[in-house]
Amino acid sequence: MDESALSLELKRDLISLFRQNTGALETNSGRILNLYRERAFHDFDKLGIPSTKNEAYRYTPLEKYFQGNYDVELNANPFKIDVGSVFKCDVPELDTDVVLVLNGFFHSGNKTGQLSGGVIVCGLNEASVRFPDIFHKHYSHYADSEADGLVALNTLFAQDGVFVYIPPNTVMEKPLQIINLSHSLKNLRITRRNLIVAEENAVANIVVCDHTLCNQRYLANSLTEIFAGENARISFDRLQNENNLSTQINHVFIHQLQNSLFNGTSISLHGGLIRNNFYARQDGPNCETNLNGLFLCDDKQHVANYVLVDHASPHGTSNQLFKGILDNDATGSFNGKILVRKDAQKIQAYQKNNNLLLSSAARMNTKPHLEIYADDVKCSHGATVGQLDNEALFYLRSRGIGEKEARFLLMYAFANEIVSRISVPILKERIIELVDKRLRGELSKCNNCDIRCG
Amino acid sequence: MLQIKDLHVSIDGKEILKGIDLEVKAGEVHAIMGPNGSGKSTLAAALAGREMFAVTKGSVTYMNENLLELSPEDRARKGLFLGFQYPVEIPGVSIVNFMKTAINEHRKFKGLEPISASDFLKHMREKKELVGLTSSLTNRSVNEGFSGGEKKKNEIFQMAMLEPILAILDETDSGLDIDALKIVAQGVNQLRRKDNATIVITHYQRLLEYIVPDFVHVLYKGRIVKSSGKELALELEEKGYDWIKTEE
């Protein structure tokens with residue numbers, strides 16, 4: 001076993017935390033949520049918190065982020081938030097349906113129930129009770145708790161989050177914006193669990209924004225399962241902008257049936273430690289999966305992206321493009337894997353990771369990985385770690401553009417390749433602004449929010 | 001406008017320019033010719049402020065100021081323009097954004113407000129026509145995937161946009177077919193005024209059929225070995241650079 005003394009201790013603490021609270025957890029949660037806890041317990045007990053000896057977490061020293069005292073909320077926080085004001089300050093003019101998730105709980109002020117076309121958006125726990133058939137068919141079917149102790153940990157403590165259901169042949173009228181907020185008077189451990197089901201021919205645009213409203217330490221372990229039925233088209237964009245004391249571990253499991261399309265773009269701006277794990281499985285022919293990520297980090301931030309695209313069926317395509325700009329003492333990692341199974345012929349799978357280091361102390365580890373068992377496939381991978389191009393800098397300066405502005409233009413151009421892939425146009429504009437501010441050092445974690453805490 | 005006195009320039013400790021003297025006055029066009037490796041591009045880059053070219057001796061006065069003390073961007077803001085021999089590709093930066101930023105940086109330097117969107121578009125439309133640059137090009141990233149001719153046209157377009165006082169065109173003719181050459185030359189000629197000046201660096205006489213210089217200088221082994229009127233270019237064309245070399 002790869003466990004250090006520290007990870008054993010962390011595991012012991014979490015197991016005892018679960019034991020102390022099992023009663024409350026089970027009372028507060030629907031039957032189906034509770035159904036999976038036993039297995040999750042078993043898996044977590046076996047796996048624990050991944051240490052750097054675990055190959056997938058080699059460059060992400062998680063253990064120290066799990067140390068220290070964190071509160072746990074077992075009930076929804078009664079804190080009143082005006083959904084409208086958060087929505088306004090966060091992404092103005094964005095015509096979306098908005099739901100708020102506060103410390104992992106679907107907020108009671110959300111307008112829930114059915115949207116036009118029979119689209120269902122509600123709390124996860126509520127869905128487990130109201131829509132048991134759909135729920136049972138998908139919940140915990142894609143998230144493999146045997147693969148990662150943190151997945152097991154999420155299932156173990158899962159209580160709430162967002163449930164989205166798009167019926168067959170339905171196009172979501174407006175994008176759905178999920179705003180995850182962390183707000184508390186003390187350091188807090190948060191578990192979020194989301195389930196998104198898009199049936200055949202459904203079209204869904206989902207935007208997730210992660211924010212902290214206070215300068216407490218947050219340790220969030222989030223997990224989203226996404227099911228794309230035949231011919232379904234899903235875009236899933238994420239903006240991560242939490243305070244730099246926060247730790248965000250984020251798993252996204254995507255399960256695609258034939259002819260479906262999944263586009264995911266993650267933009268990581270602020271956050272102490274951000275770990276994104278994407279697992280996409282193409283479980284039918286002709287699927288397309290596009291996973292893009294941009295991370296801009298400085299100070300002591302650490303941003304890690306882990307991607308596994310599993311081509312289990314033929315004629316699929318996938319693209320991974322992750323780009324990072326790291327300054328000061330920031331560190332990052334990219335670990336991307338393309339798996340092409342034996343009978344998955346005619347696959348086209350590409351992967352690219354480009355990074356800019358702006359300081360001598362910034363570090364980036366990148367590890368492309370192909371595992372191919374079929375013989376008729378086109379796959380490529382590439383990774384670069386470098387500095388801003390001096391030739392280009394001089395070219396810009398020779399036109400009268402000051403050095404600082406020239407550097408900004410080049411960084412912005414580097415980042416824009418990702419931002420331009422965001423599916424929702426108005427969100428793209430907003431993100432362009434945020435990236436612009438972030439690169440100029442004008443964006444702090446809280447200044448775009450009307451809610452003043454403390 | 002520009003006085004170069006005994007200019008010595010080294011790169012990585014190797015002396016390339018070994019004492020250049022040159023004076024350029026307003027309204028003049030100077031051609032600098034010379035065989036490969038004679039230091040023509042080094043002179044251009046040193047004047048534009050490329051840091052890797054170290055000035056070890058001599059002086060350059062531009063508009064009564066010590067040019068060598070200015071940053072590359074300040075040189076540009078004071079009206080110096082370098083047309084690159086090998087324009088750099090900058091993926092992700094559109095020509096529109098690039099030129100808008102450049103013009104606004106020039107304006108800020110002069111204490112002016114940023115240019116209005118409509119004025120900028122009008123200005124750009126005029127200059128695009130001047131060099132026959134299509135909108136499909138200006139909407140693209142700077143020089144990315146451009147042909148050799150398109151890159152050079154883009155240099156002249158930028159020059160037209162920024163309206164420099166002193167333009168230095170480094171081998172703008174290299175890699176151009178005769179039609180592109182004519183368009184580029186036409187652009188340069190239309191931008192000629194009494195109060196600006198141009199230094200045309202070229203290997204061949206061909207360009208000088210279209211941009212008629214007032215003076216021709218021959219650079220060889222880091223020194224100007226001959227200066228004369230435009231007839232010198234024809235003589236060089238006829239006799240080749242070996243003539244200069246043997247005369248040495």
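Q: In this predicted model, what makes R238(A) and V435(A) contacts of I267(A), and which other residues are in contact with I267(A)?
A: Contact requires heavy atoms within 4.5 Å. Leaving aside neighbours within four places in sequence, I267(A) is in contact with R238(A), L239(A), Q240(A), L294(A), I418(A), V419(A), I422(A), I431(A) and V435(A).

Q: What makes a set of residues a nonpolar core, and which members of the largest one touch the most other members?
A: The members must be buried residues of listed types, among them Val, Leu and Ile, joined through side-chain atoms within 4.5 Å. The largest such core has 114 residues, of which I267(A), V435(A), L2(B), I4(B), I90(B), L166(B) and I199(B) touch the most other members. Helix α10 (residues 403–419) of chain A gives the most to this core, with 11 residues. A second, separate core has 41 residues, including V164(A), A198(A), I226(A) and L291(A).

Q: How do you know that the span of helix α4 of chain B agrees with expectation?
A: Helix α4 (residues 117–131) of chain B has 15 residues, which at 1.5 Å a residue should span 21 Å, and because its end C-alpha atoms are 22 Å apart, the two values agree. α4(B) is followed by G132(B), whose phi is positive, near 65°.

Q: What makes α6(B) a mostly covered helix, and where does α6(B) lie?
A: Of the 15 residues of α6(B), 13 are buried. Helix α6 (residues 148–162) of chain B lies across β6 and β9 (166–170) of chain B, running at about 170° to β6(B). Just after α6(B), E163(B) takes a positive phi of about 45°.

Q: Why are β6 and β12 of chain B placed at the edges of their sheet?
A: The open sheet of chain B has 6 strands in the order β6-β9-β10-β3-β11-β12, with mixed pairing. β6 (80–83) and β12 (223–228) each have a single partner strand, so one side of each is left without a neighbour in the sheet.

Q: How do you know that β3 and β10 of chain B are paired?
A: Pairing needs at least two bridges, and 5 bridges join β3 (residues 29–33) to β10 (residues 197–202) of chain B, which run parallel; therefore the two strands count as paired. I32(B) stands opposite I201(B) in β10(B).

Conventions:
Residues numbered from 1 in each chain as written. Chains lettered and ligands numbered in written order. Predicted model: local features only at pLDDT ≥ 70, side-chain atom pairs only at ≥ 80, totals over all residues. Heavy atoms only, no water. Helix = DSSP H or I, 4+ residues; strand = E, 2+ residues; numbered from the N terminus. Axes fitted to C-alpha atoms, helices over the stretch in contact; angles between N-to-C directions. Expected span 1.5 Å × (residues − 1). Buried < 20%, exposed > 50% of the residue type's maximum accessible area, 1.4 Å probe, protein only.
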